Amino acid sequence: MSLHATPHPKDTVKWTTVGGVRVPVHLLIPNLPDPFMDIEDYEPDADLMVLNMGPQHPSTHGVLRVKLVLDGEVCVKVTPYLGYLHRGVEKLCEKLSYVQITPIVDKNDYVSPMMNELAINMAFEKLIGAEVPRRARYIRTICAEIQRLGSHLLWLGTFGLDMGGAIGGGGSIFMHTFRERELLLDLFEDLTGCRFHYNTHTVGGNRHDIPAGWAAKATQVLAVISKRCIEYEDFVRGNKVFQARTVGVGIIDPVLAIDLGISGPVLRASGVDVDLRRDQPYAAYDEIAVNVATDPGGDCFSRYVVRVDEMRESIRIATELLAGVPEGPICSLKPVKLPGAVKAKHGQGVYSSIESPRGELGTFVVGNTVRRQSAIPYRCKIRSPSMHLLQLLPYICPGNNISDIIVTLGSLDPIMGEVDR
Amino acid sequence: MGVDQSNQNFEHPLFEYMEKMPGLDLAMTTADKILSWGSRNSMFVFPMATSCCGIEFMAAACGRFDLDRIGTIARGTPRQCDVMVIAGTITVKMAPRVKKLWDMMPEPKWAIAMGSCAISGDFYRDIYSVVPGVDTFMPVDVYVPGCPPNPDHLLEGFRRLQDKIKAKRAGEWVEPETRPVSGMQMPSVPRYGTDRDPAYDQAQLMATQNMGLGGELLAAGVTLPQPAPQPVQSGEGGDS
C-alpha cells in the first residue's frame, strides 16, 4: 500500500480555529494575490502577454472564457468572463408553472440533472406545504447518490483529459469512467425512460416508480463500479505523473473559500468538514449515516481524493437504501395532468438547499399573491455552487504555470450551464 | 491503380467504384469518387459543444457507441475539421464566435445541428439571450432532434450526412433538410447489448402519452391535427 500513500498524511497536520471553523494551519496563505491588481503596477520592464483561453476550448468544460496575463509561462493575472451560456432560466421560471419548471431546471447542471429537480422541488414543497411519502424520499436519495456517482465519474474522466490530452495517457481514464457511466445511465433509462433529462421529480413525490427487478440490477451495477473504483485508484493515485501534475497545485485557503461561498468537495478538500447531507438532512438522509470525506491537502490531488472517497460513500449509501425501500405511494398529490394543478397559497419566500456534486445547490422561491397566477412563482433564484467556484480562479491561479491553470480549473469541476443559468 | 487479380474476393468499398479492364491488372475510377469516398469515411469533427448535448457527444465518442468506427475523429481546432457538430444552446453572445469558427473551417465543410436547442432554441427560443436555431446565421446540413439526442441518434445523423456527401459529390441535387416537425417523441429504443423487458417500453410509452390533455386524446384514439412542416431556408449545404 506504499504506492497509495497520500502526500498529506492526516496525522501530521496542525489545526486551528478561524471564525469558529476548524481549518488546517498550513493552508492559511498570508499574502493572497490581489485579483483586481492593475497590470501597470506589476513590473515596468516585464514583457507581458495577454492570452484568451476560450470560450471554445476543449479544457474549459463548456463555454468559459478566461483572460490570462502571462509573464513568460507564469500567469500574473486571471480574469474569468461568463455569460456565454446565459439561457434566462430564472426569468423563464417566472413564466411557467410549478409543474412545468422541473424539466427546465434539468438543463442547468447537465452532468447531474436529477439534483436540480430535487433542489427546486424541495423548495416548491416547502412553499406549498406538500408532504413527500417515505418511498419517494428513498427513491430520491438513491437517485441522488447514483447521480453523484455519475457526476464524479465524468469529472474523473475529463480531469484525465485536462492533464494528458486525448492522445496521451489522459484518454485512458476517460474511456474507463465513461464505460461505467453508461451502466448508470442504463439504470436511469429503465427508471424514467430517458438517459439524460429525466423530469422524474414532481411536487410531492416522484413520477416514476421503481420497476420490478430494478433494485437488484442497481445493486449489481453498484457492486461492479465499487470494484472498478479500486482499479481507478491503482491507475491514478500512485501514478507519478498524476502526482507531479496535481500535488501542491492550486492550493485553496479554507478561509478564503468560506468567504467566497465555496461549498462541496472543493471546500472539504481544504479540510473544512461541511456536508449538507449530514448537517441538514433532507430526503432520506436522516435515516442513514453519511461519512463525510475530507482531506487537509487543499490542492488538486486532495480534490481527487475527496471525490473518489465520495464515490465509494455514494455506492455504500445507495446500496444500503436499495435493500430497504419501503412500500407505499410515490406521490402525496394526485397525478398532475394540467400545468396549473399545483398552487401556492401565500407569497412568502422560502429557501431550500441540497448537497449537489459541486456543493450547495439552493433555491429561493417566492409565491405569487395574485390569485390568477398562484400556479406560477413570483421569483425563483437558483444558488449554484459552480458560480462561486469560478470566483476562486483570480486568487489561486496567479503564480502558476499556464498548464497548471488547466488542471486547477478541471479540479474545481465547474459546469457552465449552472454558472450562467 | 493496380489491382491484384489473385485476390478477387477482397471486399473493399473502393472496389465498387472501379472499372476492371479485362486482361489488365488495372482498374480505373474517377478522382471525384476517390475524394468522395475519402471525405465520407474520414470525417474530422469539430465538437462545438456548449452544454448538455456535448456530454452526449462525449458519450458517443466513447467505447460503447464509438464514433471512431465510422471514421470520425474529434479535433480541438476548426482548421483541421470537416464537420462541425453544434451541440447545445447557442446564445447571442456565443453566436458570433460560432460563426467565426465556422468560417475558419476549410472547404468542403458540413454542419450538424445536434439537439433541439441548436435546431430551434427549444423552450429557450423566446428568451432574450438565446438564438432560435443556428440555421438563422449559418448553414446546417443535418438536424438531429432530441433533448439531448441519444448517441445512436447522432450516429444515424452522421450516416445521413454520409449519404448527403456522396450525393452532392456525385453532382446530384439534394433537397435541403428542414427543421424537424415539433411534437412528442417516442421514448428511446432498446439498444445493443441490453436485454430489456418490452413491458417497460409499453409502460413508458403510456406514461409519456398520458402527461397532458393531448396524450389522453391520443390514448382514446383521436388523431390530433399535426402542424404543417415549415420549410426553413437553410442555405446551400456548405460546398462551393
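1. A crossing of two helices is called left-handed if the near helix is turned anticlockwise from the far one by less than a right angle, and right-handed if it is turned clockwise. By that rule, the crossing of H2(A) and H3(A) is right-handed. The structure is a predicted model, in which local features need pLDDT of at least 70 and side-chain atom pairs count only at pLDDT 80 or more, while totals for chains, interfaces and linings use all residues. Residues are numbered from 1 along each chain as its sequence is written, and chains are lettered from A and ligands numbered from 1 in the order in which they are written.

2. In chain A, helix H2 (residues 98–105) packs with helix H3 (residues 113–128) at an angle of about 155°, their axes lying 8 Å apart (axes are lines fitted to C-alpha atoms, for helices over the stretch in contact, and angles run from 0 to 180 degrees between N-to-C directions). Because of that angle, H2(A) is roughly antiparallel to H3(A) (under 35 degrees counts as roughly parallel, over 145 as roughly antiparallel, 65 to 115 as roughly perpendicular and the rest as oblique). H2(A) contributes A:Tyr98, A:Ile101, A:Thr102 and A:Val105 to the contact, and H3(A) contributes A:Asn116, A:Glu117, A:Ile120, A:Asn121 and A:Phe124 (two residues are in contact if their C-beta atoms, placed from the backbone, lie within 7 Å). By class, the residues of this contact of H2(A) with H3(A) are five nonpolar, three polar and one charged (Ala, Val, Leu, Ile, Met, Phe, Trp, Tyr, Cys and Pro count as nonpolar, Asp, Glu, Lys and Arg as charged, and the others, Gly among them, as polar).

3. Chain A is assigned domain 1 (4–81) and domain 2 (82–420), with bounds that come from an automatic or database domain assignment. The C-alpha centres of these two domains of chain A lie 25 Å apart, and 36 residues of domain 1 are in contact with 44 residues of domain 2. On the side of domain 1 that touches domain 2, strand S2 (21–24), strand S4 (65–71) and strand S5 (74–81) of chain A each supply at least two residues, and S5(A) provides the largest share, eight residues. That side of domain 1 divides into 24 nonpolar, eight polar and four charged residues.

4. Between the chains, 31 residues of chain A are in contact with 34 residues of chain B. Helix H1 (89–93) and helix H5 (170–192) of chain A are the elements that give two or more residues to the side of chain A that touches chain B, and H5(A) gives the most, with seven residues. That side of chain A has 13 nonpolar, eight polar and 10 charged residues.

5. Chain B has seven helices and seven strands (helices, H or I with at least four residues, and strands, E with at least two, are DSSP runs numbered from the N terminus). Of the 240 residues in chain B, 35% are buried (a residue is buried if 20 or more other C-beta atoms, placed from the backbone, lie within 10 Å of its own, exposed if 12 or fewer, and partly exposed in between).

6. Helix H1 (residues 31–41) and helix H5 (residues 151–169) of chain B pack at an angle of about 165°, with axes 9 Å apart, which means that H1(B) is roughly antiparallel to H5(B). H1(B) passes H5(B) in a right-handed crossing.
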